[in-house]
Amino acid sequence: DARVTQTPRHKVTEMGQEVTMRCQPILGHNTVFWYRQTMMQGLELLAYFRNRAPLDDSGMPKDRFSAEMPDATLATLKIQPSEPRDSAVYFCASGSRDIYEQYFGPGTRLTVT
Amino acid sequence: AQSVTQPDIHITVSEGASLELRCNYSYGATPYLFWYVQSPGQGLQLLLKYFSGDTLVQGIKGFEAEFKRSQSSFNLRKPSVHWSDAAEYFCAVAPQGGYQKVTFGTGTKLQVIP
């Protein structure tokens, strides 16, 4: 049963620290999405990649967030420095042009104190 | 730009009762339409999708949705709700013609009472 995996599942860190979240998309999927979910803002698209190239990262605060796909099996989302307002659940999802639906990972719950 | 509205933030139904969750979209042409479900502590899972053709689409877990072009709506229905259906439901829209980003609604939280 293919699924998207995300690590870590939970992360508590202090303000100012660097946070790296990892995502392994489903094998064969060529599109990867990063979302942030909060009670106040709901589900926000931060960035997405196709064939490892960033297509849209307009939803991402550029000064502190960065997203990369070093290879087809790994996507990373980094926050440096982290702030309390970054506390949220971060979801990775993968998909492909053929199926046009997104498969979500279980999320990383980030708490910045 | 496309947008999607879910007017009901929270809905409570009795187990065994029927369910309809509302979704309205705004887009110049007919978009691709989706319903996702999110159980507590989980990621989103696709329930069903509409691309073209028959306007009544069947999904998993006994859900169905009907696309009504004249009303720009894509409401989700289930004839008899089970306690395990308690979750948050998201309607989503994406432009046709190419795999582009999906816009999600704000979600409707469903509570099921015995």
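This briefing covers one strand of chain B and the interface between chains A and B. The model is predicted. Strand S10 of chain B spans residues 87-94, and eight of its eight residues are buried. Across the interface, 22 residues of chain A are in contact with 20 residues of chain B.

**Strand S10 of chain B: side-chain directions**
- In a regular strand, side chains alternate between the two faces of the sheet.
- B:Ala87, B:Tyr89, B:Cys91 and B:Val93 point one way from S10(B), and all are buried.
- B:Glu88, B:Phe90, B:Ala92 and B:Ala94 point the other way, and these are also buried.

**Strand S10 of chain B: pairing**
- Strand S5 of chain B (residues 32-38) runs antiparallel to S10(B) and is joined to it by seven bridges; B:Phe34 has B:Ala92 as its bridge partner in S10(B).
- Strand S12 of chain B (residues 108-113) pairs with S10(B) in the antiparallel sense over three bridges, and B:Glu88 has B:Lys109 as its bridge partner in S12(B).
- Strand S11 of chain B (residues 103-104) is antiparallel to S10(B), with two bridges between them; the partner of B:Ala92 in S11(B) is B:Phe104.

**Interface between chains A and B**
- About 1,800 Å² is buried between the two chains, and carbon and sulfur atoms give 56% of this area.
- One salt bridge is counted between the chains: the side chains of B:Lys49 and A:Glu101 meet at 2.4 Å, N to O.
- Three residue pairs are in polar contact between chain A and chain B, both residues being at pLDDT 80 or more.
- On the side of chain A that touches chain B, strands S4 (31-38), S5 (42-50) and S9 (88-95) of chain A each supply at least two residues.
- The residues on that side of chain A divide into ten nonpolar, seven polar and five charged.

How values were computed
Residues are numbered from 1 along each chain as its sequence is written. Chains are lettered from A and ligands numbered from 1 in the order in which they are written. This is a predicted model: local features need pLDDT of at least 70, side-chain atom pairs count only at pLDDT 80 or more; totals for chains, interfaces and linings use all residues. Side-chain values use heavy atoms; hydrogens and water are left out. Buried means under 20% relative accessible area, exposed over 50%, partly exposed in between (1.4 Å probe, protein chains only). Helices (H or I, at least four residues) and strands (E, at least two) are DSSP runs, numbered from the N terminus. Two strands pair if DSSP finds at least two bridges between them. Contact means heavy atoms within 4.5 Å. Buried area is the accessible area (1.4 Å probe) that two parts lose on being put together, summed over both. A salt bridge is a side-chain nitrogen of Lys or Arg within 4 Å of a carboxyl oxygen of Asp or Glu. A polar contact is a pair of N or O atoms within 3.5 Å; within protein, one must be able to donate a hydrogen and the other to accept it, and residues adjacent in sequence count only if both atoms are side-chain atoms. Ala, Val, Leu, Ile, Met, Phe, Trp, Tyr, Cys and Pro count as nonpolar, Asp, Glu, Lys and Arg as charged, and the others, Gly among them, as polar.
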